[in-house]
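Here are my notes on the two-chain model. Please read them with the structure open.

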Amino acid sequence: MAGEACSCLYGTRVLESDKSEESWAGQPCVLGIDEAGRGPVLGAMVYAAAVAPESSDLSGRDFNDSKALTAERRDSLFDDISNDPQIGYCAEILSAQFISACMLSRDRVSLNLLAMESTYKIIRSIMDKGYKLTKVFIDTVGDAERYAQRLAQQFPSLQFTVCPKADALYPVVSAASIVAKVLRDRALESNKKDVGVEEHVQLGSGYPADPHTKAWLRSSLNNVFGFSQPQLVRFSWETANKLVAETAIDIKFEADADEGKDAAGSGTQQRLSFAPATRQGAVVETQALGRHAYFRARKLARIGDSF
Amino acid sequence: MSHSKVHLSIHSARQQQPPAEATLHWLPCKTGQSCDADVAKLFNPTIQVLKPSGDLQGEASSSTQPLLEASFRGRQLRGQRLVLPPGYKGFVTTAGAPSSSVQGCTGGEESQEDEDEDLGEVEGSAQGQRRRPCKHWIVRHTFDSVTYWNHDTPPGRSDLPRRVFDWMAVAKQVHQPVSREQVEEQMRTMQL
């Protein structure tokens, strides 16, 4: 799959390798689900599912332990999976912008909820394509038991196995892991080009602890927009939020004040108003005091009394 | 309540050219600071069209402005362009020095002349109000429309910027003098 096809700067994007027309799709199939790019402060997060006949034995394919594989080896295995008539996949790319927007929205959608919804979406997509799904294997962080219960509720016809390190245990999950990682890397590369970051510039892995990433973030600070390539950055991450708060001009969103929380969700009360220190810098609405409620509601001030 | 005059310089001796048209974005946030921003590079590319025509439910005049989405500091913005009604013009101004050399300004001293007749319609002005020196604003840019943005929520009728524009559209009618005959006619129809 070409790099450009993986680009996702805005919203989300579903990519598939559809093998549902193959004869095995009507026979019992198994699904493996894994993610990539959950932790980084840069770029997209990807949820991927790999589907294969229940009868197939993928254990000899060396998909296992994708974290130990080199990028080149992963790329090559990804091509193998794409070309293999006996393996299909479905993946959703969630852009950094989408992640930020959801987590910073008035609803304060958590990353876990985004993960869950993405998982549901790809399972549903696989089922809608006509694969005869029986069993699903998922790698998880956090409470495996509870997650399995929720999944079983959503998809009563499927049998779920949820456990940590599933990508090492079940080859179909390893395959999903490879798809997720490769798409994540390609999406980031593609985004890098789209926003005009030169090829030689190192973003690092995108993890907040990575020194390359930290250095890049600091070097691309922007006074107004936070970062000079804002579409690459997850503003909801503490790392990004802190840098912006420390260096960029102070901007307060009315929506945050309504919540009573700051962007990082620490729950501290945030006062929105700016003290009108001087006549010059006075905020317009104070000038509307004494006027009819109609004008005050619209923050309309008499022109001669302003500034 | 006192009233004051504002002198608006559209062409001042110091400016080289007439003021340029500006594109304005009204964001759902506040800042105490003012500075340059690379809007073309860092904001405009994030703008997406959500819906080509922004007809809001129940609006008398259908808005043909598209519903838009954008991103600012990671926030999801949803907005729409509002066009100034006929007879209105937008100015982006900076304060100039109030001086007596500017035509029509008192330059800080009270003047016995020049009753503010044109400001009278809103005030019901009374005599003997303390007069302020005339303010001087210099026009930097002009505009005929503003794109306003909500945090997450799609543009709606009760949004503040929209209500401001609603006022502009009816302000003239509200201030229009009404004849005795018109009042009597209205009362007749109400009684029916």
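1. Start with chain A. Strand β2 (residues 28-36) and strand β3 (residues 45-53) of chain A pair in the antiparallel sense over eight bridges. Two strands count as paired if DSSP finds at least two bridges between them. Helices (H or I, at least four residues) and strands (E, at least two) are DSSP runs, numbered from the N terminus. In β3(A), A:Pro53 is the bridge partner of A:Cys29.

2. A word on the basis. This is a predicted model: local features need pLDDT of at least 70, side-chain atom pairs count only at pLDDT 80 or more, and totals for chains, interfaces and linings use all residues. Residues are numbered from 1 along each chain as its sequence is written, chains are lettered from A and ligands numbered from 1 in the order in which they are written, and side-chain values use heavy atoms, leaving out hydrogens and water.

3. The chain A sheet is open and has six strands, in the order β1-β4-β3-β2-β5-β6. Its pairing is mixed. The edge strands are β1 (12-17) and β6 (159-163) of chain A, each pairing on one side only. From one strand to the next, the twist averages 15°. Axes are lines fitted to C-alpha atoms, for helices over the stretch in contact; angles run from 0 to 180 degrees between N-to-C directions.

4. Two helices to check on this sheet. Helix α3 (residues 111-129) of chain A touches β1, β2, β3, β4 (88-94), β5 (132-139) and β6 of chain A, and its direction makes about 150° with that of β4(A). Helix α4 (residues 144-154) of chain A touches β5 and β6 of chain A, at about 155° to the direction of β6(A). Contact means heavy atoms within 4.5 Å.

5. Chain B has an open sheet of five strands, ordered β3-β10-β7-β6-β5, with mixed pairing. β3 (24-26) and β5 (48-51) of chain B stand at the edges with a single partner strand each, so one side of each is left without a neighbour in the sheet. The twist here averages 35° from one strand to the next. α3(B) lies across β3, β7 and β10 of chain B, running at about 10° to β7(B).

6. Look at β7(B). Six bridges join β6(B) to β7(B), antiparallel. In their hairpin, two residues lie between the strands, and B:Arg73 takes a positive phi near 50°. B:Phe72 has B:Arg75 as its bridge partner in β7(B). Strand β10 (residues 145-151) of chain B is joined to β7(B) by seven bridges, also antiparallel. B:Gly79 stands opposite B:Trp149 there.

7. Now the interface. It takes 41 residues from chain B and 46 residues from chain A. The two chains bury about 3,900 Å² between them, 59% of it on carbon and sulfur atoms. Buried area is the accessible area (1.4 Å probe) lost on putting two parts together, summed over both.

8. Which side chains form the salt bridge between the chains? They are B:Arg75 and A:Asp256, at 2.8 Å, N to O. The count between chain B and chain A is one. The rule: a side-chain nitrogen of Lys or Arg within 4 Å of a carboxyl oxygen of Asp or Glu.

9. Strand β9 (residues 251-253) of chain A pairs with β4(B) in the antiparallel sense over three bridges. A:Ile251 stands opposite B:Thr31 in β4(B).
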